[in-house]
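I set out to record what could be looked up in this structure. My entries follow the order in which I consulted it.

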Amino acid sequence: MRLKSGWPLLAIGLWLPTLALSAWRIAHTDRSTHASIPGDDREAIRVSPEERSTILGTMNENLLALHRILKALADDDLAAVAKAADSAARAPGPGARLQSLREVLPDPWRRSGKIVHKEFARVARLAERGATSSDLIPRMSRLTRACVDCHNTYRLVPADRRRDP
Ligand code: HEC
């Protein structure tokens with residue numbers, strides 16, 4: 001009898017630490033290391049076709065800059081790394097390209113954008129000072145982390161959906 005009534009307690013005793021551990025894991029999960037989930041819960045940003053193409057145009061420039069930097073690193077061409085990173089750091093963000101986007105893009109978006117610009121600038125300065133690939137790769141991963149964080153947070157939807165139920 002005693003033993004029997006002890007089982008549920010033991011079960012709870014074993015289950016609680018497991019629950020606590022999974023809660024801790026969820027709280028400490030780094031969003032930037034995960035691909036976005038199929039049931040898309042990213043925050044929707046409502047944009048006009050012009051706003052969308054301005055944002056996506058900027059994004060494609062980001063990817064091109066990343067590619068140029070990685071290619072230059074592979075070629076061990078520090079001058080080319082510095083040049084590509086510097087021009088990416090100076091490139092205007094979507095809000096600077098289109099007035100209406102200044103009201104549409106939320107503050108955390110701008111902060112992510114600033115991190116990307118800052119990291120491009122850091123890579124450029126380090127490359128100018130003759131940094132090695134092993135100095136630059138960790139900086140590059142900070143940069144791509146900012147890309148992934150923002151991608152996991154926001155998605156673009158057409159502005160006319162505003163009137164949908
Ligand atoms: C501040 C937020 C933010 C940052 C930072 C950011 N992106 Fe994006 N990016 C987006 C959003 C939002 C989309 C559209 C995603 C959607 O609607 O599904 C996008 C789309 C893209 C696309 C698709 C373009 C197309 O033509 O469809 C590419 C490529 C891209 N981003 C590359 C990058 C790279 C590389 C970086 C970092 C150097 C970066 N992005 C940083 C928000 C961001």
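Which element gives the most to the shell around the ligand? I found that α2 does, with six residues. I took helices (H or I, at least four residues) and strands (E, at least two) as DSSP runs, numbered from the N terminus.

I noted that this is a predicted model, in which local features need pLDDT of at least 70, side-chain atom pairs count only at pLDDT 80 or more, and totals for chains, interfaces and linings use all residues. Residues are numbered from 1 along each chain as its sequence is written.

Ligand shell. I listed 18 residues around the ligand, of which Met59, Asn62, Cys147, Cys150 and Leu156 come nearest. A residue is near if its C-beta atom, placed from the backbone, lies within 6 Å of the molecule. The elements giving two or more residues to this shell are α2 (49–74), α6, α7 (133–153) and β2 (154–158).

Helix pair. I then looked up α3 (residues 78–90) and α6 (residues 107–128), which pack at an angle of about 155 degrees with their axes 8 Å apart. Axes are lines fitted to C-alpha atoms, for helices over the stretch in contact, and angles run from 0 to 180 degrees between N-to-C directions. The two helices are therefore roughly antiparallel to each other, a term for angles over 145 degrees.

Whole chain. I recorded seven helices and two strands, in the order α-β-α-α-α-α-α-α-β from the N terminus on. Buried residues (20 or more other C-beta atoms within 10 Å of their own, C-beta atoms being placed from the backbone) make up 18% of the 165 residues in the chain.

Definitions and conventions. Parallel < 35°, antiparallel > 145°, perpendicular 65-115°, else oblique. Buried ≥ 20, exposed ≤ 12 C-beta atoms within 10 Å, placed from the backbone.
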